[in-house]
Amino acid sequence: MTGTGKGFSILDIAQIGIMVAVIEVSKFALSSMPNVELTSFWLIMFTLYFGWKIVAVVPVFILVEGAFYGPHLWWIMYLYAWPLLVAIAWFFRKNTSALLWAIISGVFGLCFGALCSIPYFVIGVSSGGLGAGIRSAFTWWVAGIPWDFVHCIGNFTIMLVLYYPIGRAMRMVKTN
């Protein structure tokens, strides 16, 4: 879509591949630390600095995750949770405050468990009605709240610390 508008250029494909690789390597590097991740950080930063290319990055990332770990319930959650974060980042993309981005990233981490309880609601409804769906989703969400706090603090801290230095590096990449 760069240049002629007839599809992805070689540069676009290379950049999209590098973005997915950066997310995957970061996930692997931090995999021993539960709910501390750079995926939120990278998706926000890539949205801010590479614009429309994020529309290809997210589905490729989700497909790679499914290929590596096998599709399961968490994979369904990824289908809407990560695009939601990108949509929020796109909405606020003109803002350059590290604090705002840290708050957005932290709140997303705090809400991640609630977002991920949606499939449990659907499973509960399908097997026992509305009440079962609510109980199933609520129980799953509440059990994970301590980890949502870890996710929130990790996302907030990572964004606050890395926003400006990585932003500078991304500006250099874009201009070259």
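## Aromatic rings at a glance

Ring pairs link Phe 61, Phe 68, Tyr 69, Trp 74, Tyr 78, Trp 82, Phe 108 and Phe 112 into a cluster. You are looking at a predicted model, and the count of aromatic pairs comes to 17.

**Phe 8 and Trp 52**

- The ring centres of Phe 8 and Trp 52 are 5.6 Å apart with their planes at 25°, so this pair counts as stacked.
- Phe 8 belongs to the segment before helix H1 (10-29), while Trp 52 is in the loop between helix H2 (39-50) and helix H3 (54-69), so the contact ties together parts that are 44 residues apart in sequence.
- Phe 8 is partly exposed, having a relative accessible area of 44%.
- Trp 52 is also partly exposed, with 31% relative accessibility.

**Trp 42 and Phe 46**

- Trp 42 is buried at 12% relative accessibility, because the cut-off for buried is under 20%.
- Phe 46 is buried too, with a relative accessibility of 5%.

**A charge over a ring**

- If you turn to Trp 90, you will find the charged end of Arg 93 over its ring, 4.0 Å from the ring centre.

Conventions:
Residues numbered from 1 in each chain as written. Predicted model: local features only at pLDDT ≥ 70, side-chain atom pairs only at ≥ 80, totals over all residues. Heavy atoms only, no water. Phe/Tyr/Trp six-rings, centres within 6.5 Å; stacked < 30°, edge-to-face > 60°. Helix = DSSP H or I, 4+ residues; strand = E, 2+ residues; numbered from the N terminus. Buried < 20%, exposed > 50% of the residue type's maximum accessible area, 1.4 Å probe, protein only. Lys NZ or Arg CZ within 6 Å of the ring centre and 35° of its normal.
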